Each structure stands twice: as C-alpha cells, then as structure tokens.
Amino acid sequence: TETLEDVTAAAEVLRERGPRTVIVTLGPRGAIVVGPDGRQHVAGLPVAAVDTSGAGDAFCGALVTHLAEGLPMAEAARRANAVAARSVTRPGTQASFPRPGEV
C-alpha cells in the first residue's frame, strides 16, 4: 500500500472480516480511521523526529486512554496522533512519551 486510497481499501477489507473499526498508523502521514461512521484521514503533524521507536505504542496507549475518557473515535485518534508525534521528538520509548498537558 503506497497511497491513502490503497491503505483505506485494505482497511475496508479488514473490516469485512469482523472488526468494527480499523485504524492504520502511517508514521509522518498520520493515520487512517475506517469505521461505521465512514473514513477519516488524521493528518500527520510536522515534527523534528529524533527516535521513532515506540511511536505506535504511544499512539495505542493514548487512543485507549481517550476512548476510555469517552471521546469519539475520530477525536481520540486525532489526539493519539498528536501524542505519537510528540513522542518521536525525544530519544527512547516509554521515557519519550509525553505527560498529560504536554500535548
């Protein structure tokens, strides 16, 4: 998959297999959210990346946290994307994750 359209089509195929929502992270290009409410591209945020290790974990942790707080999927994904973007600006994994209020 090279284009956003290809990624979205692949996410749709996964949805046909059972998941209600599929999210594909795209590094500096952001993320694609495909669910019952449609498709949404969450644009990447320009940052000076230092270390990208752990960015996916930062995204997933933030996504679950925001969903548990009651945010809609699209907003939770947007905020998770911001957390992941911030996390790559520091070296390391868990130590690079931003704290509440830093994003």
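1. Let's start in the strands: Ile32 sits opposite His41 of β3. Keep in mind as you read that this is a predicted model. The pairing around that spot is antiparallel, with five bridges joining β2 to β3, the strand at residues 38–42. The link from β2 to β3 is a hairpin, made through two residues.

2. On to the helix pair. Two packed helices are described by the angle between their axes and the distance between the axes. For α2 and α3, the axes come within 8 Å and cross at roughly 145 degrees, and the crossing is right-handed.

3. Who touches whom there? On the α2 side the contact includes Ala55, Phe59, His66 and Leu67, and on the α3 side it includes Met73, Arg79, Asn81 and Ser87. Sorted by class, this contact has 12 nonpolar residues, three polar and one charged.

4. Now the cores. The largest nonpolar core has 12 residues, among them Ala31, Val33, Val42, Phe59, Leu63 and Val83. At least two residues of this core come from each of β2 (31–35), α2 (55–68) and α3 (73–87). The biggest giver is α3, with five residues.

5. There is also a second, separate core, with six residues, including Ala11, Val22, Leu26 and Ile32.

Definitions and conventions. Residues are numbered from 1 along each chain as its sequence is written. This is a predicted model: local features need pLDDT of at least 70, side-chain atom pairs count only at pLDDT 80 or more; totals for chains, interfaces and linings use all residues. Side-chain values use heavy atoms; hydrogens and water are left out. A nonpolar core is a set of buried Ala, Val, Leu, Ile, Met, Phe, Trp, Tyr and Cys residues joined through side-chain atoms within 4.5 Å. Buried means under 20% relative accessible area, exposed over 50%, partly exposed in between (1.4 Å probe, protein chains only). Helices (H or I, at least four residues) and strands (E, at least two) are DSSP runs, numbered from the N terminus. Two strands pair if DSSP finds at least two bridges between them. Axes are lines fitted to C-alpha atoms, for helices over the stretch in contact, and angles run from 0 to 180 degrees between N-to-C directions. A crossing is left-handed if the near helix is turned anticlockwise from the far one by less than a right angle, and right-handed if clockwise. Contact means heavy atoms within 4.5 Å. Ala, Val, Leu, Ile, Met, Phe, Trp, Tyr, Cys and Pro count as nonpolar, Asp, Glu, Lys and Arg as charged, and the others, Gly among them, as polar.
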